[in-house]
Amino acid sequence: MKETSSILQSIAQCIERGKVNRASPYPPDLRDRDGADELVRRAIDLGIDPQEILTDGLMTGMKVVGEEFRAKRIFVPEVLMAAKAMTAGMEHLRPFFASSQATHRGVMILGTVLGDLHDIGKRLVGMMVEGAGWEVIDLGTDVAPEDFVAAVERRPESVVGLSALLTTTMMNMKETVARLKEAHPETKIIIGGAPVTVAFAHEIGADAYAPDPPGAVDFLNSTVAEI
Amino acid sequence: MTAHPDMHETESSVREFSVSPERLRLTPEAIERRIGYGDESAPDNVRAAIEEMLAVFDSADPFRCGFRILDPGQVAFHPDRIVCGKVIFRTGSIIGRGLKGCSALALLAASAGPDLSERGRVLISEGRELAGYVLDTIASECVEQCLEHLESELAAATASWGWRLSNRYSPGYCGWDVVEQAKFFSLLHENFCGITVRSSGLMVPLKSASALVGLGENAERKDYECSLCDREDCIIRNDG
Ligand code: B1M
């Protein structure tokens, strides 16, 4: 029991600090120690429930990363390192998702709307959403409304996340939301990006606006609680 | 650039430059600041990625930037708009106030080109997310520095006419709708500095920027520009 909680704590710490594996020299104070890669493997070998490894290890670490990023105590590079550590750990859990021994909290279809090529902010959202236990289907940038609709048709249980970085391209969110709501009125849609506001979300009929990736996570988790 | 400012639309009113990476001299500190580290230094691995990617930047092809000067006969300033012949920029009153006293106008555009972003994208797809992000950030800083470079070229070109420069204003800032980007580029020749504007107003390559600068004997550069602006929620607001 004690070993379980200590290994889960170490996994969480590896995510928080971006410690990918033993070979990775970053962060310097964890040099030559096991990273998320080795620790998740060991946790599985110890027979710890994969769902517990995900929730109490990986996701716990990523939650802290989100809070620190929101408080501007860490910046994009630290989030990228944390996401890398998360991915290394998730690799070992993949087979358990396939066999349903571990489950995602839900699915998010994510994309930057038509006319807009901004990518990095949207990717960050995807990483943190994944780190919160969601499956993310990233459609990329410059995504046409019909491609969002088609993606929802393939995975009707999804929540959709739209990103735009300019007031002009943000206008294409309106069309995308309208098309999605027409085809799938029950689909929840969250929008974000520098010029987007909560008022705009209301105006175009989106269900929520998030100023940052942790905000998107909060909304997604609230939709699960609702169900 | 020796022609008199009373000139109308001559070749000499349009200038394009090719700026080498070493000319811009991007520093690791500037990139750290742009990432957000402020006065504290970045973690060692971030610093190392910045240094590695600055070396990539140094080997990049020169960047394209340029300006066009509209002389006093071609432009009329109003409190909330600028009339350039048939083209009217609805800049709003913040920019209107900033351009008070100006008699001529320069339209500036700069691009880091597509290569740095593309290399960044490849690095990210190869699992080198940090390096890719750093290179992307370097490309953003490069565009800003190209605009700074243009301003100094502009100052040098117009100093002999007794002209000074106002602050720089970009479509999409200070209440000027980014939708006017298309109008802006209609005053520059096609593919100016390799930039094209999509119907959404987005410039391609993505790492590009446009701006105007007011010119004239009474043009004024103001130090604390953000305090002029009433957009309290602006993300880049700096009342320092
Ligand atoms: C689904 O749920 C969600 C939830 C949250 C979501 C989400 C979805 N999607 C995003 N988020 C959020 O979470 C992410 C992570 O924190 C964030 O995503 P970001 O992509 O913002 O995060 C990145 C990791 C970091 N952020 C960035 O890289 C953008 C930072 C700011 C300062 C910025 C930069 C650096 C640049 N720019 Co420009 N630029 C600004 C930006 C202001 C700002 N502070 O955001 C913005 C986006 N730019 C703006 C403008 C106007 C422009 N820029 C331009 C140019 C540039 C640079 C090239 C100099 C440079 C790089 C651009 C790039 N992105 O590659 C021009 C356009 C370029 C083009 N190709 O057309 C130009 C039009 C200016 C001009 N006339 O030249 C403004 C848009 C406002 C508007 N009115 O449309 C702007 C908001 C600045 C401002 N005025 O406050 C959030 O937005």
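Begin with strand β1 (residues 107–112) of chain A, which is joined to β2(A) by four bridges, the two strands running parallel. Within this pairing, I109(A) faces I137(A) of β2(A). Bear in mind throughout that the model is predicted.

Now widen the view to the whole sheet.

Two packed helices are described by the angle between their axes and the distance between the axes. For helix α3 (residues 50–70) and helix α4 (residues 76–98) of chain A, the angle is about 165° and the axes are 11 Å apart. Angles over 145 degrees count as roughly antiparallel, and α3(A) and α4(A) are therefore roughly antiparallel to each other. Their crossing is left-handed. Which residues make the contact? From α3(A) come P50(A), I53(A), L54(A), L58(A), M59(A), M62(A), V65(A) and F69(A). The α4(A) side includes V76(A), V79(A), M86(A), G89(A), L93(A) and F97(A). By class, the contact has 17 nonpolar residues, one polar and no charged ones. K72(A) sits in the loop between α3 and α4 of chain A. Phi of K72(A) is near 60°, a positive value in a residue other than glycine.

Another loop of chain A deserves a look. P27(A) lies between α1 (2–17) and α2 (36–45) of chain A. A cis peptide bond joins Y26(A) to P27(A), with omega about -10°.

Turn to chain B. Here five strands form an open sheet in the order β1-β2-β6-β10-β7 (chain B), and the pairing is antiparallel. The edges are taken by β1 (14–19) and β7 (164–169) of chain B; each has a single partner strand, so one side of each lacks a neighbour in the sheet. From one strand to the next, the twist averages 20°. Inside the sheet, eight bridges join strand β6 (residues 104–111) to strand β10 (residues 208–216) of chain B, which run antiparallel. A106(B) stands opposite V213(B) in β10(B). Helix α6 (residues 129–158) of chain B packs on the sheet and touches β1, β2 (63–70), β6, β7 and β10 of chain B. The direction of this helix makes about 40° with that of β2(B).

P205(B) lies in the loop between β9 (203–204) and β10 of chain B. The peptide bond joining V204(B) and P205(B) is cis, with omega about 0°.

Finish with aromatic rings. Over all chains, a search of the whole structure finds eight aromatic pairs. One is F17(B) with F67(B): the ring centres are 5.7 Å apart and the planes stand at 45°, so the pair is tilted. F17(B) is in strand β1 of chain B and F67(B) in strand β2 of chain B, 50 residues apart, and the pair links distant parts of the chain.

Methods
Residues are numbered from 1 along each chain as its sequence is written. Chains are lettered from A and ligands numbered from 1 in the order in which they are written. This is a predicted model: local features need pLDDT of at least 70, side-chain atom pairs count only at pLDDT 80 or more; totals for chains, interfaces and linings use all residues. Side-chain values use heavy atoms; hydrogens and water are left out. Two strands pair if DSSP finds at least two bridges between them. Axes are lines fitted to C-alpha atoms, for helices over the stretch in contact, and angles run from 0 to 180 degrees between N-to-C directions. Contact means heavy atoms within 4.5 Å. Angles under 35 degrees count as roughly parallel, over 145 as roughly antiparallel, 65 to 115 as roughly perpendicular and the rest as oblique. A crossing is left-handed if the near helix is turned anticlockwise from the far one by less than a right angle, and right-handed if clockwise. Ala, Val, Leu, Ile, Met, Phe, Trp, Tyr, Cys and Pro count as nonpolar, Asp, Glu, Lys and Arg as charged, and the others, Gly among them, as polar. Rings of Phe, Tyr and Trp (its six-membered ring) pair if their centres lie within 6.5 Å; planes under 30 degrees apart count as stacked, over 60 as edge-to-face and the rest as tilted.
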